[in-house]
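Here is a short briefing on one protein chain. Look at the sequence and the model first, then read on.

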Amino acid sequence: MFGGLFERGRCPIGVDLGSHTLRLLQLSRRGERLVALAAACADVPANLPAHGAARTEALAQTLRDMLDSGGFSGRQAVSCLPPADVHYKNLRLPPMPAEELAQAVKWEASDRLKLTDGQGQVQFFDAGEVRQGEDLREEIILLAAGAAQVEAHMQVLLQAGLQPVAIDAAPSALARTLTLDDDADAEAPARLLLDVGYSTSKALIVRHGRVLFFKLIDIGASHFDQTVAQRLTLPVAEAAQMRRKLAGDTPGRPGESDEAPAFFGSSRRESVERAVFEAMRPTAGELAREVALCVRYYSVTFRGRRPEQLLLGGGQAYDPHLLRVLAEDAGLSVAPARPLAGIDVSRVPILHQASGTLSQWMTATGLSLRNGIRQASSGRAGGLFKARAESPASLAAGHSTSLTAGREAAA
């Protein structure tokens with residue numbers, strides 16, 4: 001799309017395959033600046049099969065349509081597995097050299113998750129030393145995925161005509177995005193992000209690019225829609241639309257604005273907002289309590305300064321009802337995340353014309369930053385499942401994915 005300097009600084013396409021929405025984003029570097037080259041957004045195809053060839057082809061066709069219309073340069077891509085396809089566990093192991101630690105984590109994964117060679121892949125974050133009683137231990141965040149899930153994900157990308165560079169970990173992508181405006185002060189507190197997706201939420205605590213805590217919480221936008229629908233006796237789709245209108249949501253599509261529209265008459269709006277807030281309150285309160293527990297665990301485990309602010313990512317960052325409950329029940333100041341705030345988006349209408357924080361582009365931003373531009377992001381978090389070195393043709397023909405171990409640590 002752009003020649004010269006843009007081509008040399010071009011990042012891979014970040015492919016965020018959500019359970020409700022698909023997003024593609026490609027960044028580039030111009031000197032010290034990051035520039036958005038292209039972006040596209042689409043809903044997950046209706047009546048998508050849960051698995052199998054029909055699912056793969058439906059997703060691949062949607063991605064092909066997005067690529068054709070989005071003005072992307074090249075086809076190298078970085079994606080991440082859906083949260084449901086990854087197992088997360090916290091381990092505490094004795095301090096040991098890096099090579100021995102990787103082997104120990106591999107053994108623990110095989111033992112605890114019953115994975116053997118050929119059944120899955122393993123990666124981990126080394127969060128650092130913690131004290132357990134009188135002893136020092138290494139705090140490890142283990143991530144594991146089955147070979148079948150990795151292969152199915154790869155097939156979607158390959159059939160869409162993409163060239164996978166890596167299958168990343170969602171926590172890595174989110175941490176990489178946070179480092180774009182990281183405070184270089186060594187004494188700065190850790191940063192807390194809650195990325196609220198459609199089915200689940202991801203709680204992440206990062207300090208200078210290093211992932212110190214991660215938890216997947218089984219509460220997302222779909223749960224808010226369902227509770228509002230039940231409380232107000234509405235179809236779920238209508239409840240979801242009502243929530244978006246009240247919040248002035250900006251899903252990131254051209255022509256949509258986050259200004260509150262005249263969806264309700266002025267005399268009704270206040271009562272409807274109150275009803276929606278009361279309907280959401282129990283579920284949002286449960287999410288806030290989970291966040292408070294995450295902060296408490298971090299404070300006790302690492303004995304450092306607790307995060308002072310909660311950054312809210314994902315499409316729900318626009319919802320004032322959710323922000324209010326999180327602030328009240330989690331005991332933190334809350335603000336929407338702004339993953340593209342320091343990036344020039346003027347060349348990409350889907351981003352430039354959309355008002356709001358664009359917080360739903362959090363994961364796609366971090367994925368595009370995965371390769372070739374890490375110095376610009378100051379990131380320390382790497383990837384999860386790297387694509388093998390085989391050609392796309394051999395990958396498309398299928399390959400066995402063995403249990404492997406790697407280390408996510410400060411670079």
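Residues are numbered from 1 along each chain as its sequence is written, and side-chain values use heavy atoms, with hydrogens and water left out.

**Confidence**
- The chain averages a pLDDT of 81 (the predictor's confidence in each residue, from 0 to 100).
- A pLDDT of at least 70 is reached by 82% of the residues.
- Residues 1-7 stay under 50, and the model gives them 16 contacts beyond four places in sequence (contact means heavy atoms within 4.5 Å).
- Residues 386-411 are also below 50.
- Where pLDDT is low, the predicted coordinates should not be read in detail.

**Helix pair** (helices are DSSP runs of H or I, at least four residues; strands are runs of E, at least two; both are numbered from the N terminus)
- H6 (residues 221-232) packs with H7 (residues 236-247) at about 110°.
- That makes the two helices, H6 and H7, roughly perpendicular (65 to 115 degrees).
- Phe224 and Leu232 are among the H6 residues in this contact, and Val236 and Met242 are among those of H7.

**Second largest pocket**
- Its lining has 22 residues, and those nearest its centre are Thr177, Leu180, Asp181, Pro339 and Gly342 (a pocket is an open set of points on a 1 Å grid over the protein atoms alone, where a 1.4 Å probe fits, with protein on both sides within 12 Å along at least five of seven lines; lining residues have an atom within 4 Å of a point).
- Strand S3 (33-43) and helix H5 (170-178) are among the elements that each supply at least two lining residues.

How values were computed
This is a predicted model: local features need pLDDT of at least 70, side-chain atom pairs count only at pLDDT 80 or more; totals for chains, interfaces and linings use all residues. Axes are lines fitted to C-alpha atoms, for helices over the stretch in contact, and angles run from 0 to 180 degrees between N-to-C directions. Angles under 35 degrees count as roughly parallel, over 145 as roughly antiparallel, 65 to 115 as roughly perpendicular and the rest as oblique.
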